[in-house]
2 protein chains.
Amino acid sequence: MEKINRTILSIKPLDENAMAAAKTRQDHLTKPQGSLGQLETISFQVAGITRNPRPRITHKVIFTLAGDHGVTREGISAYPSEVTGQMVQNFLRGGAAINVLARRVGARVIVADLGVASVLEHHPDLRDKKVAMGTRNMLEGPAMSQNEALRSIEAGIELVEEELKRGVDILGTGDMGIGNTTSSSAITAVITGAQVAQVTGRGTGLGEEGWRRKVRVIEKALEINRPNPKDAIDVLSKVGGFEIGGIAGLILAGANHRIPVVIDGFISSAAALIATSLCPEVKPYLIASHQSAEPGHKTILEHLGLKPLLNLDLRLGEGTGAALGIFLVEASLKILDEMATFVEAGVSEKNS
Amino acid sequence: MEKINRTILSIKPLDENAMAAAKTRQDHLTKPQGSLGQLETISFQVAGITRNPRPRITHKVIFTLAGDHGVTREGISAYPSEVTGQMVQNFLRGGAAINVLARRVGARVIVADLGVASVLEHHPDLRDKKVAMGTRNMLEGPAMSQNEALRSIEAGIELVEEELKRGVDILGTGDMGIGNTTSSSAITAVITGAQVAQVTGRGTGLGEEGWRRKVRVIEKALEINRPNPKDAIDVLSKVGGFEIGGIAGLILAGANHRIPVVIDGFISSAAALIATSLCPEVKPYLIASHQSAEPGHKTILEHLGLKPLLNLDLRLGEGTGAALGIFLVEASLKILDEMATFVEAGVSEKNS
């Protein structure tokens, strides 16, 4: 808890001076003021985050955190639990969607085991932060203990801090965990107060009957565990996942180290609910990469007041949306940094 | 006219076999089927366009076409007309937004003078396709003659064909022309049948009074010229612009040479209205990069049945949205090409 508290207490507001300086520069570049829309506002945000009126990004890192969910025993996913560990191997071999997109974007992918339910072979690129062999079934009590919940968040903080020496100018969040849309829907319902059915989707591809079962399972889990909406650690421990706690840790650490945090889809946004609930000051550090096809995602983004950059009906996770978002953030910073001003280019300004 | 007719007659439907093969491959990649949303459907479309079930993109080209508009004398733009030529110089020196984004995406930018109202100095990277020194004022009769309209479309076709030897695997459209949102709103109102006020925006930054004047100017121009909505050449000649005709030519040539055409914002989409009106078969070759902040753009995209990839409130033109769109198309093709299949990765498939 000490590491988490120390991190939370160190998070500061954005730097208004750097933001104003970035805005002044944008307004002198050879384009009508505001004509690049969100590509402009993101550049102000990143200036404020990094305290740099003309920020540049070299080291891009996507963290893909994996964990298993005891609730999969209730038949709430279209895929078997063992896929979590198999996909970790796929990440390490470079064959997954996140690898392809990260390569295109020039980001490195950090794969971490936060709580996969099988023993994973040692691999030089796999970070071992296993809290336990998967969560417990939330229909039979809390998914994890308070201590495990805290440990998962700390692990996320550690992952970022261990990467700082290699450089982290922007970070993207990502997840892998069969069953984790169930956990994310539960977290979303508790923290936003929405109805379970409204924030529950088909995950990796449930049919109608499977979807109804998933809703019932979540409703029952909330009845049994009664998570306290005002206590994010209680929510995480009762219906969360280790990878979700880990992502909340990534977010806290990113804000603490003044690194822009590009949030992936539904799972990462559920983790953002946990992180902002623990520390509302992280909110201005967040950039929502995309609007997922999962219905609960819209609820979270509205709750957090975030406008997603993309709306491509993605519902994969892994950090795939975050990778595309990182590209757009980088594009916005290159606009700010590389464009000519009206004076430099000898272009006439607006009629007054 | 002969070149245009020859081009139109050569345009064929997409290759259904290549599309089906791409879909089969996508369904075997290590992700839930359909979980990458539009990144999957675009890969099928490009497979059909290129007749290749696993298309790769090396040569990316953005065409930025410039032209001036006689109607600027009516005070319908926030910037003076001379900015068109000044911005062409800015493009050639690499200081504009399109240069920055094209560099990030790895695309080359082809700048062409379709009808700038000043004499531009010779430059090795400037394509001279000047039809005239700007269009005439559409409040005093047709903006151009029938022959000039045809010539502008032919010039766009030529621009693509001249680039083929250097390689064009994907093309983005772009525009520069003070006054060209006025022309585009007029085209949109005529071809879609929408009210002028509904499809007219603030362009580069008009105030309320300027916007009302712009609407009145367009309404009057349509009254005076009575363009025939069924005759795209008539519409282009009466209220169009040379760069808009040129972009219509780019689109026709792209479809003819089976090159995916990534449409930029409002101006490029008005050109797409002209192109699809001349030849409805080009429609499946089009990819809408973004939803512009200009209100008429939504009307066009709905009319054409296109779903934009991005919605970032861009309203700059130049091909900036197309550059971002090209990145997303490339990402979708890399997913199709580089991801591991379930069998290759040893990952379990969906529970049946």
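1. Contact here means heavy atoms within 4.5 Å. On that basis Ser348(B) touches Tyr79(A), Pro80(A), Glu82(A), Val83(A), Gln86(A) and Phe342(B), leaving aside residues up to four places away in sequence. Ser348(B) sits in the segment after α14 (342–345) of chain B. Helices (H or I, at least four residues) and strands (E, at least two) are DSSP runs, numbered from the N terminus.

2. This is a predicted model, in which local features need pLDDT of at least 70, side-chain atom pairs count only at pLDDT 80 or more, and totals for chains, interfaces and linings use all residues. Residues are numbered from 1 along each chain as its sequence is written, chains are lettered from A and ligands numbered from 1 in the order in which they are written, and side-chain values use heavy atoms, with hydrogens and water left out.

3. Back to Ser348(B). Its relative accessible area is 18%, so Ser348(B) is buried. Buried means under 20% relative accessible area, exposed over 50%, and partly exposed in between (1.4 Å probe, protein chains only). The side chain of Ser348(B) also makes a polar contact, at 3.2 Å, with the side chain of Glu82(A). A polar contact is a pair of N or O atoms within 3.5 Å; within protein, one must be able to donate a hydrogen and the other to accept it, and residues adjacent in sequence count only if both atoms are side-chain atoms.

4. The interface as a whole. 60 residues of chain A are in contact with 60 residues of chain B. About 5000 Å² is buried between chain A and chain B, 60% of it on carbon and sulfur atoms. Tyr79(A), Arg104(A) and Phe327(A) lose the most area on the chain A side, together 14% of what that side buries. Buried area is the accessible area (1.4 Å probe) that two parts lose on being put together, summed over both.

5. Polar links across the interface. There are 24 residue pairs in polar contact between chain A and chain B, both residues at pLDDT 80 or more. On the side of chain A that touches chain B, two or more residues each come from α3 (37–50), α4 (83–93), α5 (97–105), α13 (320–338) and α14 (342–345) of chain A. The largest share of that side, nine residues, comes from α13(A).

6. Salt bridges between chains. The cut-off is a side-chain nitrogen of Lys or Arg within 4 Å of a carboxyl oxygen of Asp or Glu. Five salt bridges connect chain A and chain B. One of them joins Glu330(A) and Arg104(B) at 2.8 Å, N to O. Arg103(A) and Glu338(B) also meet in a salt bridge, at 3.0 Å, N to O. Arg103(A) lies in helix α5 of chain A and Glu338(B) in helix α13 (residues 320–338) of chain B, so this pair joins two chains. Arg103(A) is partly exposed at 46% relative accessibility, and Glu338(B) is partly exposed at 30%.

7. Salt bridges elsewhere. Over all chains, the whole structure has 45 salt bridges. Arg202(A) and Glu208(A) pair at 2.7 Å, N to O. Lys238(A) and Asp234(A) pair with their closest N and O atoms 3.1 Å apart. Both Lys238(A) and Asp234(A) lie in helix α9 of chain A, four residues apart, about one turn of the helix. Both are buried. Lys129(A), Arg151(A), Glu154(A), Glu158(A) and Glu162(A) are linked in a salt-bridge network.

8. The sheet in chain B. Six strands form an open, parallel sheet in the order β3-β2-β1-β4-β5-β6. β3 (126–128) and β6 (286–288) of chain B are at the edges with a single partner strand each, so one side of each has no neighbour in the sheet. The twist averages 30 degrees from one strand to the next. Helix α6 (residues 146–163) of chain B packs on the sheet, touching β1, β2, β3 and β4 (170–176) of chain B. The direction of α6 makes about 150 degrees with that of β2(B). Axes are lines fitted to C-alpha atoms, for helices over the stretch in contact, and angles run from 0 to 180 degrees between N-to-C directions.

9. Arg226(A) has a positive phi of about 45 degrees, though it is not a glycine. Arg226(A) is in the loop between α8 (208–225) and α9 (232–239) of chain A, and is exposed at 62% relative accessibility. Glu318(A), also not a glycine, has a positive phi of about 75 degrees. Glu318(A) is buried at 1% relative accessibility.

Terms used. Two strands pair if DSSP finds at least two bridges between them.
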